Amino acid sequence: MTFNATIPLYDSMYPATDFSSLSWLEQQWVAWYVRIGSPILATSIMSFLLHEFVYFGRAIPWIIIDSMPYFRKWKLQPKKVPTAAEQWECTKQVLISHFTIELPLIGLFQPTAEALGMKTYHVPFPAWQTMIPQIFLFFCFEDFFHFVAHQALHYGPLYRHIHKIHHKYSAPFGLAAEYAHPAEVFILGAGTILGPLIYCYFTTNLHIFTVYIWIVLRLFQAIDAHSGYDFPWSLHNIIPFWSGAEHHDFHHMAFTNNFSTSFRWWDMICGTDTKYREYRAKVRAAKEAMKNASEDDVKILEQKLMDEVEAEGIRAEAEAERGGPIEKTVKVQ
Ligand SMILES: [Zn+2]
Ligand SMILES: [Zn+2]
């Protein structure tokens with residue numbers, strides 16, 4: 001692609017820019033903004049397309065994995081494999097939410113971001129040394145925000161009217177990451193977007209390219225956490241404080257504990273992972289005790305432990321919906 005400096009848009013948007021010094025990606029970036037002509041519109045279209053491609057693109061491998069029995073041995077709740085009909089139903093709901101909630105919000109986000117001084121059409125992109133700490137900060141902000149807001153969503157009225165939809169699947173799958181009430185998409189989505197906006201407000205040193213990398217990583221995190229699979233090479237086996245599917249799947253199965261998204265530390269510090277750790281300890285002890293038993297017997301026992309946790313979860317959900325404990329029947333002797 002050649003750049004013609006006589007075109008007025010190049011002059012007004014990129015004065016004194018040496019295009020030959022730009023990387024291929026930066027050149028495509030310039031070409032896109034010049035082609036659309038309006039930075040706000042160009043950023044809005046790109047943001048929406050990025051989200052769609054990454055969300056569904058990342059979910060596709062999990063759909064394939066769900067269709068292959070070979071992978072069942074790494075499924076966290078092996079008895080609960082989503083059917084094609086369930087996946088399609090979920091896709092439709094997610095698409096409705098993307099077009100009716102996310103699209104208008106993106107329209108609001110872009111002018112806000114620009115008003116706060118976020119760089120959009122500008123080139124070159126920031127250096128990796130600048131981007132990495134910023135992205136890490138956004139991860140930490142979102143994780144804490146989600147930890148607090150998610151627990152609030154488990155409070156009676158909020159659960160009943162909003163968060164119950166996301167808990168439709170006690171064994172989640174990749175596509176279900178954003179299967180939620182529009183208000184939840186708005187509330188929890190704020191955790192992803194507010195970090196960059198607040199950072200930008202205080203520093204005015206943020207490029208939307210960095211925000212895009214953050215959003216791509218956050219989407220990978222959310223979809224993988226809902227995948228329902230735990231492999232020996234899953235990230236939490238390498239980085240012990242990473243949450244991953246092994247952590248969030250329990251939240252769906254047990255309806256309680258593990259409220260954070262990316263990291264395990266807040267649940268650990270605040271004691272909202274005790275049931276999860278008890279369950280893991282029981283599974284480990286059962287496997288240890290059944291070292292010489294057949295694989296099938298071990299699986300049966302594991303399933304029994306899962307069923308117990310899920311039964312307790314059903315009761316906990318009923319309590320959350322009522323907004324208080326369910327009274328036990330007292331037998332008068
Ligand atoms: Zn929840
Ligand atoms: Zn979830």
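N257 counts as buried, because 22 C-beta neighbours fall inside 10 Å and 20 or more is enough for that label. That's a handy way into this one, which is a predicted model. The chain is helical: 12 helices and zero strands.

**The loop around N257**

- N257 sits in the loop between α9 and α10.
- Buried or exposed, what is F255? F255 is buried, because it has 23 C-beta neighbours inside 10 Å.

- V123 and P124 are joined by a cis peptide bond, with omega at about -5°.
- P124 falls in the loop between α4 (84-115) and α5 (128-153).

**Overall layout**

- If you read along the sequence, the pattern is simply α-α-α-α-α-α-α-α-α-α-α-α.
- The C-alpha trace spans about 90 × 45 × 40 Å along its principal axes.
- Of the 333 residues in the chain, 32% are buried.
- Take the contacts between residues at least 6 apart in sequence: 65% of them join residues at least 24 apart.

**Nonpolar cores**

- A bit of background first: in soluble globular proteins, nonpolar side chains tend to be buried together.
- Here, the largest nonpolar core has 34 residues, and L175 and A176 are the ones with the most contacts inside it.
- Which elements give two or more residues to this core? They are α3, α4, α5, α7 (182-203) and α8 (208-225).
- The biggest contribution to this core comes from α8, with eight residues.
- A176 is in contact with C90, Y169 and H226, once you leave aside its neighbours within four places in sequence.
- There's also a second, separate core of eight residues; A171, F250, Y279 and M306 are included in it.

**R218 in α8**

- R218 is part of helix α8.
- R218 is buried, because 22 other C-beta atoms lie within 10 Å and the threshold is 20 or more.
- Not counting residues up to four places away in sequence, R218 touches E142 and T192.
- R218 and H247 are 29 residues apart along the chain, and their C-alpha atoms are separated by 16 Å.

**F53 in α3**

- F53 is found in helix α3, which covers residues 39-66.
- Why does F53 count as exposed? It has 12 C-beta neighbours inside 10 Å, and a residue with 12 or fewer is classed as exposed, so F53 gets that label.
- F53 and V216 are 163 residues apart in sequence, yet 9.9 Å apart in space, C-alpha to C-alpha.

**How α3 packs on α4**

- Two packed helices are described by the angle between their axes and the distance between the axes.
- For α3 and α4, the angle is about 150° and the axes are 9 Å apart.
- That makes α3 roughly antiparallel to α4, because angles over 145 degrees fall in that class.
- The contact draws on I40, T43, S44, S47, F48, H51, E52 and I63 of α3. On the α4 side, the residues are Q87, H98, E102, L103, I106, G107, Q110, P111 and E114.
- As for handedness, α3 and α4 cross in a right-handed way.

**UniProt features set against the model**

- An unreviewed UniProt entry places "domain: Fatty acid hydroxylase" at residues 136-272.
- In the model, residues 136-272 are 58% helix and 0% strand, with the end C-alpha atoms 23 Å apart.
- UniProt (unreviewed entry) also places a "coiled-coil region" at residues 276-304.
- That span, residues 276-304, comes out as 83% helix and 0% strand, and its end C-alpha atoms lie 16 Å apart.

How values were computed: Residues are numbered from 1 along each chain as its sequence is written. Chains are lettered from A and ligands numbered from 1 in the order in which they are written. This is a predicted model: local features need pLDDT of at least 70, side-chain atom pairs count only at pLDDT 80 or more; totals for chains, interfaces and linings use all residues. Helices (H or I, at least four residues) and strands (E, at least two) are DSSP runs, numbered from the N terminus. Two residues are in contact if their C-beta atoms, placed from the backbone, lie within 7 Å. A nonpolar core is a set of buried Ala, Val, Leu, Ile, Met, Phe, Trp, Tyr and Cys residues joined through C-beta atoms within 7 Å. UniProt positions are given in the numbering used here, feature names are shortened, and annotations may be inferred rather than shown by experiment. Axes are lines fitted to C-alpha atoms, for helices over the stretch in contact, and angles run from 0 to 180 degrees between N-to-C directions. Angles under 35 degrees count as roughly parallel, over 145 as roughly antiparallel, 65 to 115 as roughly perpendicular and the rest as oblique. A crossing is left-handed if the near helix is turned anticlockwise from the far one by less than a right angle, and right-handed if clockwise.
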